[in-house]
Amino acid sequence: LDTMNHIVDASYSGPTVDVEVLPLDELLANRTPFAMKIDVEGFEREVLSGGMQTLRAPTLQAIIIEVNDHRHRYGQTGKTALELLRESGFASYTYDARARRITPSSEHSAYGNYVFVRDAALVQERVSSARTYRAGPWSI
C-alpha cells in the first residue's frame, strides 16, 4: 500500500502480505554494523527490543530510524523506541548532507525520521571524510 503499509491484526479485511520476522540479534548473527536503517511501519520498539545485544555493541555508531509510535493501536505498553535508543547510549542528531555535518537535536515526536548517534566525533569524522556524490545540483 506504498506509504500506508502497517501491521494489521485479525480484524483487518483488506489485502495482506505475510512477512517472516526474526529478532534483530538473531538476524545479524553476532555481526554488528557501523550504522543501520530501521523502517518497520510502527514496530520499531519490537525491532529494538529484539536487538539489545546489537544496540549495546560499541561498534554500532548510528541508527537512522523512522518512528511511527503505534503502541496503543497494538495494545502495547512500556518504553518507546526513542527511549530504548537513549538508554542504549544513543543521542539524537540532525544531518546536513550538503554541509556534511551532524548537529545535536532535541526535537522529537511520536512520528518522524531521526538519526541517533553513539560517538558524535567518530560519526562526524566518517561523514566528513566519506566519498562525495552528486545529488542534483549538489555535491554531498
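**Notes on the structure**

1. Arg45 is buried, its relative accessible area being 16%. Here buried means under 20% relative accessible area, exposed means over 50%, and partly exposed lies in between (1.4 Å probe, protein chains only). Arg45 forms a salt bridge with Glu46, and their closest N and O atoms are 3.6 Å apart. A salt bridge is taken as a side-chain nitrogen of Lys or Arg within 4 Å of a carboxyl oxygen of Asp or Glu. Glu46 is partly exposed, at 25% relative accessible area.

2. The model is predicted, so local features need pLDDT of at least 70 and side-chain atom pairs count only at pLDDT 80 or more, whereas totals for chains, interfaces and linings use all residues. Residues are numbered from 1 along each chain as its sequence is written, and side-chain values use heavy atoms, with hydrogens and water left out.

3. By the rule given above, the count of salt bridges is two. The pair Glu87 and Lys79 also forms a salt bridge, with the closest N and O atoms 3.0 Å apart. Glu87 is exposed, at 52% relative accessible area, and Lys79 is partly exposed, at 40%.

4. The protein chain has five helices and seven strands. Helices (H or I, at least four residues) and strands (E, at least two) are DSSP runs, numbered from the N terminus. Their order along the sequence is α-β-α-α-β-α-β-β-β-α-β-β. The C-alpha trace spans about 50 × 35 × 30 Å along its principal axes.

5. Of the 140 residues in the protein chain, 29% count as buried. Among contacts (heavy atoms within 4.5 Å) with a separation of 6 or more, 70% are between residues 24 or more positions apart.

6. Which residues have the most contacts inside the largest nonpolar core? They are Leu48, Leu55, Ile63, Ile65 and Leu85, in a core of 17 residues. Such a core is a set of buried Ala, Val, Leu, Ile, Met, Phe, Trp, Tyr and Cys residues joined through side-chain atoms within 4.5 Å. At least two residues of this core come from each of α1 (24-28), β1 (35-38), β2 (62-68), α4 (81-87) and β5 (111-117). The largest share, four residues, is supplied by α4. A second, separate core has five residues, including Tyr93, Val117, Val123 and Val127. In soluble globular proteins, nonpolar side chains tend to be buried together.

7. With neighbours within four places in sequence set aside, Leu55 is in contact with Met36, Leu48, Leu60, Ile63, Leu85, Ser88, Phe90 and Arg118.

8. Ser105 lies in the loop between β4 (101-104) and β5. Is Ser105 buried or exposed? Ser105 is buried, with 18% relative accessible area. Its contacts, apart from neighbours within four places in sequence, are Ser92, Tyr93 and Thr94.

9. Attention is also drawn to the loop between α1 and β1, where Ala29 and Asn30 are found. Most residues other than glycine have a negative phi. Ala29, however, has a positive phi near 45°, and Asn30 has a positive phi of about 65°. Ala29 is partly exposed, at 48% relative accessibility, while Asn30 is exposed, at 68%.
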